[in-house]
Structure formats: C-alpha cells, structure tokens
Amino acid sequence: MSDSRAPWRDRIADWWAGVWRWSLLAIGTVVATYVLLDRAGDGALVTGIAIAALIVGVVVTMSKPLAIALMAMPALLVAQRAGFGGADVSASDVALAAAFGTAVLLGHRPYSRELRAMLWFNLGYQFATLFTVIVNPFVQNTVEWFHAWLLISGALVVGWALGRAGYAKWAFTAMIAAGCVLAAGTVVSGVIQYAGGNFGPVYPSFPWPMHKNFVGTALAFVALIAYVHPPWAGLSTRWTRPALWLLLIAIAMSQSRQAWIGLVVAAIVIVVRRGGRSRLLLALAVPAIWLTVSMVLEQIESQNQHNSTFQRLEWFREVYAYWKHAPIFGHGLRFWYVDPTLPYQPPQAELEVVASAGLVGLAAFATMWVGFIVVLWRVDKTYGTLALAAVLSRIVQAQFDLFWSGVQTSVPFVIAGICLGAMALQRSADASGADVAGLAPPIDPRGRSFPLPYDRAVGRPADGR
C-alpha cells in the first residue's frame, strides 16, 4: 500500500515545489518593480539585494531544492531593516522566512526524535503565550507571536533541512564568511577609533552601522562554529583557525560583556564534553572576567546613575513594578510598542517574558529552555556539542541583554538544527551503508562512488581524511 502511494507523494511534492518556485518568482518581480519605481527610502538597498538573492535562489532551486535556504545563511547575520510596504522587518527575518518556506516544502521527512522534542517544547511555550495574545488584542502582539515561533522552530527546521541534505559544510562556511566580513568591519572601525585616542567600545560602521552588543553576540555564535569545527562538516582548520582569531579580536574590540560571558560558558561546555583542556579557554576566560569585573566596578565607583549598570538596575525596578499590574498573563508581546508606561524592551530574558506573558509564559519559557538543554545534552557528543554550546550561549547572553531579537535568537537554533540534521543523515548512512554525513562520496574516473568507512570515535572517515 505504501509503495502504491509513493508515486502520488512524489507528484504532490513536485507540484508544491513548482508552485513555491513560481510564486516566489512572481512575488519577487512585483516587489522589485514596486521598490525600483515607487520608492527609494530607508532600507531600499537592503530590500533590493534581498529580492535579487531571492530570485537567484528561485532559479537555482530548480536544480538544487534547498538553494534558497542555503543562500539565506549569510543573510541571517544582517540586522538592517528591509522595507516592504512600510513593514519594519529585518533582512535576517526575510531570509529566515524564505528559508523556512523552502525547508518545509522541500526538506527531508520525517524529523528526528531530537528535533521533534525541541519543536514540542517550543510549541508548549507558544501555546502558553497564546493566552496573552487573546487577553491583550493588539496587532504587534499577534505578529510577534508568529515571529517568535519562526525564530526558534522555524530556525530549527531550516537548519535541520540543510544538515539532513548534506549541506552542513556549505552552510557553516557561508556563516563563517559572513561573520568574518562583520568582524573585519569591526576591526577596521576599531583601529580608526583607537588612532583617535578613543579606547571605548567599538560600534562598527562597516558594512553598515551596528551596535556593539549586536556585533559581539552575533559573532560569538560564528566563533563557536570555527572553534568546534566539527569533523563531520568537513571544515578545514587552515582557514577556520585564522577566522576564529579574527572573530575573537572583533568581539574583544566590541567590549560586549554578554558576548564574552556567553562565549566562555559555551567554551567550558565544549571542553568538558570533549574531556580535555584548552589554552584558548584560558585566553577567553581571563579577559572576559577582567573586562566584566573591572567595568562593573568602575561604573559603580563612578556613581553615575546613567551608566549601564545603574541604568539596568533602574530598568529592572520599573519592569517589576509594571509586571505587577498584569501578573498572570502579562501585558502582551511587544507591549512597549503600544504602552507609553514602559516604552522599551526589557533588557533581560526572563524579565521580558514575565512582563509580556506573565507567570504562565515564564513557566513555559523555563520549561522550554530546560527541555532544550536536556535534549541537546543527550545527543551524541560528535554532533551535540556545537548545538548545545550555541543554544546555551544564547540563554546566557540573554541574562544581560535583550532576548527576542531576530539575529541573536535565530542563528543559534539554525546551528543546532544543522547539527541534528547532520546526525540524522549519518544515521541514515549507517543504515544504508552510504557515505558520511555532510560529505559527498568519492567518485572514481568512471563515475562510480565508493563510501569510506566512518570512525565514530574520532568523527571522520577511518582513513584519516
């Protein structure tokens, strides 16, 4: 019976793929015409580039089904706003949405047990926050409910599709390359700033203006990929090692404390799971501790009520007082857009969640994160170490800054999804006797492939390649 249904499933999949490709092409053409002929305001350049990339991806999709998802990887690090008819969305959100549509329609099924568990934990949180959407009916509340779902579950599905299809190497390469561009811009901006005698935090202006905390936290995720360079992804240390040092220098110049703290915690987890020691960990931990402690002490001693330490304490008091007016279901997601009482996003994850979704949302948020950590901790270390490090780094960062922020939330879950997808591909290869995950089988001159034996203990082909 299942064999008789297979042709119909293939036909339906092909039909949906065709509808998806041509719909994207039509929408891209219409929007491009609107942008070029009717407007040239803020975000027009980013929008034009995004449309051009999307159209190219649609064309390539005809031969490579997940081309759009793969091309979205570097764009995930772009926080610039892309204007679509007045909508305030980032290029990262647009890229993630396009990649998600591709991954859902053209990605491999079924999902692995680990991925399904993480999706269910996120679904539990989404269900809990649905109460605040109902209790607080305003547009931004509803839009953010879908957006938050996309940032976690959507990112996991995108990463899974790429890892399961064997594109882990190219996805990670694209992310590291994009991170190096941002890092180079940070270093150049920092050198110019230092030459002028200003040794404060660097706010990069190239390739576009960025906040120090954004560039620091975003580059921290990319640095984790370069640091772990999982063997199953086929990344060469000859270029990932120099890339890692460039990324670390840029993070240090940004002076983003949450980025360093998150990176150190992730590095500790990596070293513990590998059962060894690391000089790089010491190189990370010492400046991170020194930078954090010295800056906090300096700000406390200054008694300047407007510095970041005192300002955060004041924000915490204000958010706590605000939460008490709606303790169970909160004031709604993105309440600061519509309520002048507290016109800013709380700079701490749990504080934002409890003010937005109340105690119900906070309980679901804590359950979701504990579930994520438990699931990833139990994953085979060969694949789970990077996934756990990236996700754990994010929640640590969010103890000191914003949590629901596009790039910083989606990127670690895309990384985790790639790791889980690559593990599922390896399991499939083990069952069928095919090649290792993420790597194409070697081909002899007559075009025949012959898989290499895979050594799971070292995470690479048994012949040492």
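**Close-up views of a predicted model**

View 1. H331 counts as buried at 15% relative accessibility (buried means under 20% relative accessible area, exposed over 50%, partly exposed in between, with a 1.4 Å probe and protein chains only). The model is predicted: local features need pLDDT of at least 70 and side-chain atom pairs count only at pLDDT 80 or more, whereas totals for chains, interfaces and linings use all residues. Residues are numbered from 1 along each chain as its sequence is written, and side-chain values use heavy atoms, with hydrogens and water left out. H331 sits in the loop between α12 (308-323) and α13 (helices are DSSP runs of H or I with at least four residues, numbered from the N terminus). A polar atom of the H331 side chain lies 2.8 Å from the backbone oxygen of Y322. Not counting residues up to four places away in sequence, H331 touches T132, N136, F138, Y322, W323, H325, A326, A355 and S356 (contact means heavy atoms within 4.5 Å).

**View 2. Surroundings of W160.** W160 lies in helix α6 and is buried, with a relative accessible area of 1%. Its side chain reaches the backbone oxygen of H108 at 3.3 Å. Leaving aside neighbours within four places in sequence, W160 is in contact with residues including H108, P110, Y111, G417, I418 and L420. The C-alpha atoms of W160 and C419 are separated by 7.3 Å, although these residues are 259 apart along the chain.

View 3. Helix α14 (residues 381-397) has 17 residues and reaches 23 Å from its first C-alpha to its last, close to the 24 Å expected (the expected span is 1.5 Å times one less than the number of residues). Of the 17 residues of α14, 15 are buried. In α15, 22 of the 27 residues are buried.

**View 4. The largest cavity.** About 100 Å³ of space lies in the largest cavity (a cavity is a set of points, on a 1 Å grid over the protein atoms alone, where a 1.4 Å probe fits but cannot get out; lining residues have an atom within 4 Å of a point). The elements that give two or more residues to its lining are α5 (113-135), α6 (139-164) and α13 (349-378). The lining has 13 residues, and Y125, E144, L333, E352 and W404 lie nearest the cavity centre.

Methods: On a 1 Å grid over the protein atoms alone, a cavity is a set of points where a 1.4 Å probe fits but cannot get out, and a pocket is an open set with protein on both sides within 12 Å along at least five of seven lines; lining residues have an atom within 4 Å of a point. Grid points are joined across faces, edges and corners, and a volume is the space filled by probe spheres set on the points. A polar contact is a pair of N or O atoms within 3.5 Å; within protein, one must be able to donate a hydrogen and the other to accept it, and residues adjacent in sequence count only if both atoms are side-chain atoms.
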